[in-house]
2 protein chains.
Amino acid sequence: MAENRSSDTRERILDAAERLFMAHGYEGTSMRQITGEAGVNLAAVNYHFGSKESLMQEVFRRRLDWLNDERLRVLDAMEKEAAGKPLKPSQIVDAFFGTLLRMADDEEHGGKIFLRLLGRTLTEPSEFIRTFLAHEYAYVMERFKEALFRSLPDVPKAEIVWRFHFMLGATSYAIAGTDALRLVTDWQIEDSEPEDRADRLLPRLMSFLLGGLRAPLPGGDHQSKTEAA
Amino acid sequence: MAENRSSDTRERILDAAERLFMAHGYEGTSMRQITGEAGVNLAAVNYHFGSKESLMQEVFRRRLDWLNDERLRVLDAMEKEAAGKPLKPSQIVDAFFGTLLRMADDEEHGGKIFLRLLGRTLTEPSEFIRTFLAHEYAYVMERFKEALFRSLPDVPKAEIVWRFHFMLGATSYAIAGTDALRLVTDWQIEDSEPEDRADRLLPRLMSFLLGGLRAPLPGGDHQSKTEAA
DNA sequence: CTATGATTCAAACAAACGTATGAATCACGT
DNA sequence: ACGTGATTCATACGTTTGTTTGAATCATAG
């Protein structure tokens with residue numbers, strides 16, 4: 001079986017699709033753009049992946065499998081070392097979001113391009129994408145939710161889930177890097193090279209996330225800490 | 001001039017486009033879907049708005065003009081009452097994000113549909129949309145950034161801009177309401193009616209945002225509070 | 001060297017896209 | 001009642017979309 005050229009074509013397509021989906025979105029990217037940038041024949045996508053939808057899924061699977069395995073690896077190591085005791089919230093947040101952001105410097109596993117694609121895709125309207133992501137993430141989310149529940153036994157579980165949502169949103173928008181509202185002005189000029197964006201981003205996002213996660217609960221009158229874990 | 005039917009058609013188109021852009025995105029929504037759902041002729045969009053891009057801009061302008069005027073109105077009132085003294089961070093955050101979230105119950109100005117559309121659009125790849133949003137938001141962002149700078153004189157301006165980004169992301173994802181990772185499980189069943197999602201969301205998001213905004217600065221060694229406002 | 005299965009290729013498919021056209025219909029001042 | 005400008009309508013235009021086809025080319029095993 002001649003898998004030399006084959007897998008080469010497959011990866012060229014995946015790389016081009018990853019970059020174009022990030023830049024123009026799923027619906028905004030055509031098969032001809034993808035095959036054109038990858039330098040392969042138009043029919044190659046349908047031959048190797050079956051359809052545009054399957055290609056999109058493979059673009060994510062290629063990166064997410066590694067990312068979520070790594071997240072679980074870090075979490076498992078932490079829990080093993082804790083020996084039954086609950087982890088600190090900062091540990092859990094770092095295992096989930098820190099592992100994600102450290103992908104930015106890991107060109108081997110997609111680097112910044114995949115991070116931006118992932119950030120934009122979390123608000124993607126297409127139903128099949130969200131369904132696919134939910135399936136890919138199901139087990140990881142369950143594990144990290146459980147870890148957070150144990151880590152914050154005085155906080156109602158529903159409240160933790162809400163804040164996990166907020167943390168996801170802040171991170172997703174940060175790595176999408178669109179700056180839709182042109183928030184930056186001249187203060188960013190001091191950035192010599194954009195390469196270290198992730199280096200600067202990681203500690204800043206982390207303290208923001210932890211500040212939000214550990215913020216006092218809203219409305220002290222009702223919905224108090226009665227429903228502890 | 002017969003503007004009865006005319007403005008009726010215009011608004012029907014805007015309503016349908018708003019809902020469909022929210023559900024399927026800009027590229028994923030066709031003119032025929034829009035005119036079909038609006039119950040108007042296919043050519044009506046190009047007659048009243050000129051093009052699909054102009055329609056998209058009008059969908060946002062219709063709501064954003066009101067929202068940003070309201071934000072400035074609240075901020076102006078607060079600053080007038082403060083009589084020169086800096087505002088509290090919670091006031092500024094509420095004027096910006098609270099005003100936004102309170103739109104959810106205001107069907108007159110788009111309600112939840114527009115909120116979800118706005119949340120998803122902030123990570124939209126299309127360049128012309130982000131450029132348009134940046135222009136629509138330019139003055140409001142400047143005013144609120146200035147207010148935050150004065151409110152937190154000990155925090156470096158760059159740090160405040162970062163955290164404004166994070167707050168935008170958390171809010172944008174929360175109002176998009178996609179739940180791409182299916183974070184909710186059975187705990188949401190207790191929600192009798194989905195109507196009060198915004199009622200529950202507002203205080204929760206607010207305390208998360210304030211917790212993040214006021215979190216201790218990252219890395220105490222370098223990048224300390226030297227550059228105060 | 002030849003046979004075989006995997007891969008690439010140019011070309012075409014029907015369908016859907018955003019937009020434009022000109023006639024028909026409407027509302028309304030005179 | 002008539003004329004005028006605004007609006008609606010059915011229809012078509014030229015592209016572009018994702019996908020398919022069948023022949024050409026490749027690598028490799030016998």
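Predicted model: local features only at pLDDT ≥ 70, side-chain atom pairs only at ≥ 80, totals over all residues.
## Relation between the chains

Chain A is superposed on chain B by a rotation of 180 degrees, with 0.0 Å of shift along the rotation axis and an RMSD of 0.1 Å. That is the relation of a two-fold axis. The same surface serves both copies, in that 98% of the contact residues of chain A recur in chain B.

## The interface

The contact between the chains involves 59 residues of chain A and 58 residues of chain B. The size of an interface is often expressed as the accessible area lost when the parts come together. Between chain A and chain B, about 5,300 Å² is buried, and carbon and sulfur atoms give 71% of this area. On the side of chain A, the residues that lose the most area to chain B are A:Leu181, A:Leu183 and A:Phe208, which together make up 15% of what that side buries.

## Helices α5 and α7 in chain A

Within chain A, the axes of α5(A) and helix α7 (residues 127-151) come within 9 Å and cross at roughly 165 degrees. Angles over 145 degrees count as roughly antiparallel, and α5(A) and α7(A) are therefore roughly antiparallel to each other. Their crossing is left-handed.

From α5(A), the residues A:Pro89, A:Ile92, A:Ala95 and A:Phe96 take part in this contact. They meet A:Tyr137, A:Val140, A:Met141, A:Phe144, A:Ala147, A:Leu148 and A:Ser151 in α7(A). By class, the contact of α5(A) with α7(A) comprises 10 nonpolar residues, 1 polar residue and no charged residues.

## Helices α5 and α8 in chain A

Helix α5 (residues 89-102) of chain A also packs with helix α8 (residues 157-176) of chain A, at an angle of about 15 degrees and with the axes 11 Å apart. Angles under 35 degrees count as roughly parallel, so α5(A) and α8(A) are roughly parallel to each other. The crossing of α5(A) past α8(A) is right-handed.

On the α5(A) side, the contact is formed by A:Val93, A:Phe96, A:Phe97, A:Leu100 and A:Leu101. Their partners in α8(A) are A:Phe164, A:Met167, A:Leu168, A:Thr171 and A:Ile175. By class, 9 nonpolar residues, 1 polar residue and no charged residues are found in the contact of α5(A) with α8(A). A:Phe96 takes part in the contact with α8(A) and also in the contact with α7(A).

## Helices α5 and α7 in chain B

In chain B, helix α5 (residues 89-102) and helix α7 (residues 127-151) pack at an angle of about 165 degrees, with their axes 9 Å apart. These two helices, α5(B) and α7(B), are therefore roughly antiparallel to each other. α5(B) passes α7(B) in a left-handed crossing.

The α5(B) residues B:Pro89, B:Ile92, B:Ala95 and B:Phe96 meet residues of α7(B) that include B:Tyr137, B:Phe144 and B:Ser151. By class, this contact of α5(B) with α7(B) has 10 nonpolar residues, 1 polar residue and no charged residues.

Definitions and conventions. Residues numbered from 1 in each chain as written. Chains lettered and ligands numbered in written order. Heavy atoms only, no water. Least-squares fit on C-alpha atoms with pLDDT ≥ 70 in both. Contact = heavy atoms within 4.5 Å. Axes fitted to C-alpha atoms, helices over the stretch in contact; angles between N-to-C directions. Helix = DSSP H or I, 4+ residues; strand = E, 2+ residues; numbered from the N terminus. Parallel < 35°, antiparallel > 145°, perpendicular 65-115°, else oblique. Left-handed = near helix turned anticlockwise from the far one by under 90°. Nonpolar A, V, L, I, M, F, W, Y, C, P; charged D, E, K, R; others polar. Buried area = accessible area lost by both parts, 1.4 Å probe.
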